[in-house]
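Biologist: Before I read anything into this fold, could you take me through how some of its helices and strands are arranged, one step at a time?

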Amino acid sequence: MASSSDNQVPATETLNPYVLKTPMNGHDSTESPHQTTPQEAEPGNKEPSDAQSTDNIESREKRKRVDPPEPSESAEPKSSLHPLWKTSLCSYFRRSDGSCSHGEGCRYAHGEEELRPRPDNSWDPTSERAKKLLKSEDGDKSEGSNSRDDDVLMTDALADDSSDSALAKCLVNLPMRWNADNLRSFLAEQGILYKSAKKKKGMIIGFLNFESAEQVKRAMEELDGKSVGNKNLKVADVVPRSFEKKTLAMPPPQSTQQTVKPASASDSVVSMSSNGIEDGDTMNDSLMPDGSVLKARSARDVVTPLAHMPYADQLEHKKNSLMQSLKRLTRNARKACPTGVSLPEWILKSREIGGLPCKLEGVIESPIVNGYRNKCEFSVGYSVQGKPTVGFMLGNFREGVTAVEEPVDCPNVSRIACKYAAIFQEFLQHSGLPIWNRLNNTGFWRQLTVREGRAPGEAAEVENLEASVSEVMLMVQVCSAGFDDGIVNSEFEKMTQSFAMGASSDSPCLPLTALVVQDHKGISNAAPADAPLRSLPIPKAESDSGLEATNNVMEARIHDYISNLQFRISPTAFFQVNTLAAEKLYSLAGDWAGLGPDTLLFDICCGTGTIGLTLAHRVGMVVGIEMNASAVSDALRNAEINGIENCIFVCAKAEDVMGSLLKEYLNLPKKQDENPNVSESNGEKISTVVDEETPMENLPDPEGSTSLEIENGKGTSAHSKNDNQELQSHLQKSCSPENGTNSMQQFKNVVAIVDPPRVGLHPTVIKALRTHPGLRRLVYISCNPESLVANAIELCTPSVDKTEKGNKNNRGWRNMSSAGLARHRAKSMPNSEPFQPIKAMAVDLFPHTPHCELVMLLER
Ligand SMILES: C[S@@+](CC[C@H](N)C(=O)[O-])C[C@H]1O[C@@H](n2cnc3c(N)ncnc32)[C@H](O)[C@@H]1O
């Protein structure tokens, strides 16, 4: 596998030293002076929230733009330029009507003409260029006539029923809402003859097969350029000719044994959840007939779009992008602040730190930059050469890309994962069962997940991560519906043999601990947590003790270590993909949480308990909340194997239990005004009067029975949402009301660390956290800054006495940005003290991709 350095650009002169972990307050030399304008806060001006949308913009930009050489580029040889030179607009220049004290030497662009694309080919999101691109994105690629057929790489369409790819065409720019019937009616209206026509709702592409070259010719004459809605149709090749040229020697796609199932709805299939999609500049360029260069996609470009940049530049890029996101928090909270209510201190002070809501203290780098992923989800599909392939999809299904490429050049994938992908790919060449066809939703083999677990021992890990990998779990996703059990079992047997032989023939032999099959019928490969699992026994290789066999799915686990604690991980449980960087993330969160023996820590969305368990020794008690039952079972077991006894894990959706858990554990009345308040405990309602001035410690414990003292620390247990009674009884047993202590005496400090999925916290959870006065500190960890910003708007915007009731008939929310929606929700937040953003810092868990984890401390 190529190392990332193979494709790195040469080191360029550094204009400003990169300062990691330094405060970014004010206009210091490392910070962009870019200031945002009020209109940028408009919902419509939303930046692309993920790399995928950035990518779409970028690829469109490539198609449309023929830029004259940049003045700065012609003035200086390219190699001497800092990669970020003039890639952001200078706000001093903009604000002061065309002047900036740095003059021509300013590293920021003085106007749109000077602006250069960023190293990842995106544009300063506040520039007119970026906004225009966003608009064209929102307008659903309305510039269809300019779109080039190189976007379509629908190998599934070729694999399906066309023996001659020259007779297979696709129609680009069809209305998304059309299904196959709509397409067929349209073709009939136009008098077009064809063999088969397919179209799914949600895609802009339809697929046509013709009987003859004559039919193709006529369809092209009639349809190419035809206006439908506000777009012009384009007839394109299903796989561009530029790819086919390279594949003349390759066999045509295998015909597949399909069990035809009705297609229900469309969905996008993303090969690896945190992937971005961007065209890069590395390989497969071909000259197009119009003289332009087709930038062929590669898995490396799709999965690791920043891999061409030196790592320090990647961190700088992430830092800049996070700063843009954070500034949105200030702008939106300012906008949402009710009339007549003074702006909170943090918004007023934001002017001093360039519009940031709080200091962004830097980006902590990943201890490992290459091969760091301990989990890879490889799609199964056809390559552009029509070969069954295990790897990453080269784009988005909605836009007509299903081609899969091997992961060998992706620097974030480990050698072990690549090896298993290759073994599986080799097996698929001879399998009697078909690979999954995303176009028809038919087929059998869908996905391979490779998960690695390490043995303890720090020194070896960073230098030679592979040597520390001691366990591997493979999960193969299939769709067995309609296939004969006997054939399926026989294929599974052959597959396990292939894996076992492949593992033992590698040198040194690859670990193989568990092999699980996940049966999933859904359209997208993202299977629900309860999709049936089956463990396959792994044949023991003669000379190898590394291969362990288990056929009990309950025993199909691997283990990893964080902060010297062992973690059991079951097949569908979440575990951070970069273990060593995750360790840094959790310790940062712990340091900021202000923990102590009198701390009650809520670990919200706790997965296998990693955060709570690594911090358990620093607090009085941990309450973990997690909806995935096997992750909760892992968490419980993890507490046990590490001898941790002060944790409780609740298996439920946080939105279903957060409010009642806060009430039960903090034993506080619900509201902080002077009205009689109601708190529920053991089903009984208790009324108390609370004065806002009353210190938390002095608040009465209405029953005394739910105080949270853990007797001898023997508190670790798990509860499902249905066993609240058991939870109550546990609390009563583990607490010692006899000694007269109450919750507030025991836990003076109540802290929540939240680590939600990409979409962020459910509004009900935000409301519960915001309106419970006992919770003074919250550490928010997020892999998606957009959702952190949206949630923080609700947590930090001052509320009014009279809240607005949401209009349920208002469907405008559908078109709102997440920040706009959060502003809207903030208006109906019950009167409560808002949090304030105190500081933020990022940890790079995903080198070579645009993603990283952002941590923000909120206090009140
Ligand atoms: C980003 S992971 C974090 C897990 C854990 N904190 C860690 O670092 O390993 C998010 C977790 O939230 C869980 N989750 C998603 N939605 C949830 C919900 N509504 N309530 C509770 N847990 C949820 C997922 O199952 C997943 O384990």
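Modeller: Angles under 35 degrees count as roughly parallel, and please keep in mind throughout that this is a predicted model.

Biologist: How are α10 and α23 oriented to each other, roughly parallel or roughly antiparallel?

Modeller: The axes of helix α10 (residues 311-336) and helix α23 (residues 785-796) come within 9 Å and cross at roughly 25°. Because angles under 35 degrees fall into that class, the two helices α10 and α23 are roughly parallel.

Biologist: Which strands stand at the edges of the open sheet of 7 strands?

Modeller: The order in this sheet is β12-β11-β10-β13-β14-β15-β16, and its pairing is mixed. A strand with a single partner has one side left without a neighbour in the sheet, and so the edges are β12 (404-405) and β16 (533-536).

Biologist: Which residue of β16 is the bridge partner of Val-517?

Modeller: Strand β15 (residues 514-519) and β16 run antiparallel and are joined by 4 bridges. For Val-517, the bridge partner in β16 is Arg-534.

Biologist: Which helix lies across β14, β15 and β16?

Modeller: Helix α12 (residues 415-430) also packs on the sheet, but touches β10, β11, β13 and β14. The helix that lies across β14, β15 and β16, running at about 145° to β15, comprises residues 485-505 and is α15.

Key: Residues are numbered from 1 along each chain as its sequence is written. This is a predicted model: local features need pLDDT of at least 70, side-chain atom pairs count only at pLDDT 80 or more; totals for chains, interfaces and linings use all residues. Axes are lines fitted to C-alpha atoms, for helices over the stretch in contact, and angles run from 0 to 180 degrees between N-to-C directions. Angles under 35 degrees count as roughly parallel, over 145 as roughly antiparallel, 65 to 115 as roughly perpendicular and the rest as oblique. Two strands pair if DSSP finds at least two bridges between them. Two residues are in contact if their C-beta atoms, placed from the backbone, lie within 7 Å.
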